[in-house]
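Good morning, and thank you for joining this meeting. Please take a moment to look at the sequence and the structure before we discuss them.

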Amino acid sequence: MDFCNNFSTVSAVCIALMSFGFFTRVSHQLSVDFYSMSCPQLEQLVFSVTSQRFKEAPVSAPSTIRLFFHDCFVEGCDASILISGPGSEREAVDNEDLAPEAFESVGTAKAVVESKCPGVVSCADILAIAARDFVFLAGGPKYPVKKGRRDGRASLASEVKNNLPRSNSTVDDLLKLFASKGLNKTDLVALSGAHTIGFAHCRQFVPRLYNYNHTNRPDPLIEPRLLKALQMLCPRTGGNTDVVAPCDVTTPFNFDNVYYKNLEANMSLLASDQALFLDPRTRGLVRMLGKHMVTFFDAFTQAMDKMGSIGIKLGNEGEIRRNCSRHN
Ligand code: HEM
């Protein structure tokens, strides 16, 4: 069945079988072994790049995981975020902090895959595999990635703003946005656990440090020592706009469940993260995932699988880009 999906020139046998209704089910869904015939070494090829990048430029890990999220939420997981040029998603204000290391990692992986399996594997699938590899390399679960996504033909900066959350989003906003993508409350809390690695720029949390809810005072809940440290790092005005702090201030480089423990201890950076513990609808989940690492890994695995299926293009839709940053 995968045989027919994988070859750009569909054989006469496939056409005949398809016309009798064979294969239709599979051609409309993702599968773990989608490239088992056309590029059996795909996962090893991508891992050869991600593992090297993880050593040389560790920021590739959080930035690629975030890149995958920003891809899936806008126009679906179709690598539309990778297109460069004026007016593309990548140019939108909400994507300005996506680190170049993420784009480089996917671009390098694509080049290696193209050298062995030309014209076969989509950039959207390579991004999904790379994101999983980086979760694993940072200490998280090595979950199976379903494949078969096609690359999108559209990428519009104007689509970004309404489809991504913000650091000051309320739990209501987050639940609504995630529900609009087919993701539930558990998915929201589990996926937010990606903030167990990576960094945020001062401007994403500086209002909490000095002018919480327009009170001209810090958020009274932030743990006092953390508040002091963050205020030293991020002045109220005039600071260096490139300065970042770790989203998980306790174990910033490990993909673990300490992020949730931090929320319980009022030690989060982003207001949107802290809100998950403050809101009674999500507090129980935060507590549970903070207690049980295995439960977190399972919930994260399931939620990444769901997120990876948002708005996918299949079959003859879209294209298999030769270069991820340009349409063919
Ligand atoms: C729930 C709503 C979410 C909000 C409001 C949010 C917001 C943010 C913000 C403001 C940053 C800091 C960006 C910067 O200053 O450079 C960030 C970083 C990050 N986000 Fe999220 N995010 C959310 C969900 C997610 C999800 C679902 C994932 C992936 C599954 C994710 C993965 C990451 C990662 C890994 C980083 C660190 C990036 C880096 O170090 O380059 N986030 N997020």
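How do the residues of the lining of the largest pocket divide into nonpolar, polar and charged? Let me say at once that this is a predicted model. In that model the lining of the largest pocket holds 25 nonpolar residues, 10 polar ones and nine charged ones.

Several elements supply at least two lining residues each: the helices α5, α6 (100-116), α8 (171-180), α9 (185-192), α13 (271-278) and α15 (293-307), together with the strand β1 (199-201). Which of these gives the most to the lining? The answer is α5, with six residues.

Aspartate 71 is buried, and yet it has no salt bridge. How far away is the nearest side chain of opposite charge? That side chain belongs to arginine 321, and the separation is 7.0 Å, whereas a salt bridge requires the charged atoms to lie within 4 Å. Beyond its neighbours within four places in sequence, aspartate 71 is in contact with Gly76, Cys77, Asp78, Ala79, Ser80, Ile81 and Leu127.

Cysteine 72 is also placed in α5. Is cysteine 72 buried or exposed? Cysteine 72 counts as buried because its relative accessible area is 0%. With neighbours within four places in sequence left aside, its contacts are Cys77, Met307, Gly308 and Ile310. Cysteine 72 and alanine 128 are 56 residues apart along the chain, and their C-alpha atoms are separated by 9.6 Å.

How many cavities of 30 Å³ or more does a search of the whole structure find? The search finds one. The largest cavity holds about 70 Å³ of space. Its lining consists of Phe68, Ala128, Tyr143, Pro144, Val145, Lys146, Arg149, Met304, Asp305 and Gly308. These divide into six nonpolar residues, one polar residue and three charged residues.

Let me return to α9, one of the helices that contribute to the pocket lining. Helix α9 is mostly covered, with six of its eight residues buried. The buried residues are Asp187, Leu188, Val189, Ala190, Leu191 and Ser192. They pack against α8, α12 (258-264), α13, α14 (280-291) and α15.

Two further residues deserve a brief account.

Arginine 53 sits in helix α4, residues 42-56. Why does arginine 53 count as buried? The reason is its relative accessibility of 14%, since the limit for a buried residue is under 20%. Leaving out its neighbours within four places in sequence, arginine 53 is in contact with Pro58, Ser60, Glu101, Glu104, Ser105 and Phe134.

Alanine 245 is found in strand β2, residues 244-246. With a relative accessible area of 1%, alanine 245 is buried. Apart from neighbours within four places in sequence, alanine 245 is in contact with Gly198, Phe199, Ala200, Phe205, Leu230, Leu233 and Leu269. Alanine 245 and alanine 275 are 30 residues apart along the chain, and their C-alpha atoms are separated by 19 Å.

Thank you for your attention.

How values were computed
Residues numbered from 1 in each chain as written. Predicted model: local features only at pLDDT ≥ 70, side-chain atom pairs only at ≥ 80, totals over all residues. Heavy atoms only, no water. Buried < 20%, exposed > 50% of the residue type's maximum accessible area, 1.4 Å probe, protein only. Lys, Arg positive; Asp, Glu negative; His and termini not counted. Contact = heavy atoms within 4.5 Å. Helix = DSSP H or I, 4+ residues; strand = E, 2+ residues; numbered from the N terminus. Nonpolar A, V, L, I, M, F, W, Y, C, P; charged D, E, K, R; others polar. 1 Å grid on protein atoms, 1.4 Å probe; cavity = no way out; pocket = protein on both sides within 12 Å on 5 of 7 lines; lining within 4 Å. Points joined across faces, edges and corners; volume = space filled by probe spheres on them.
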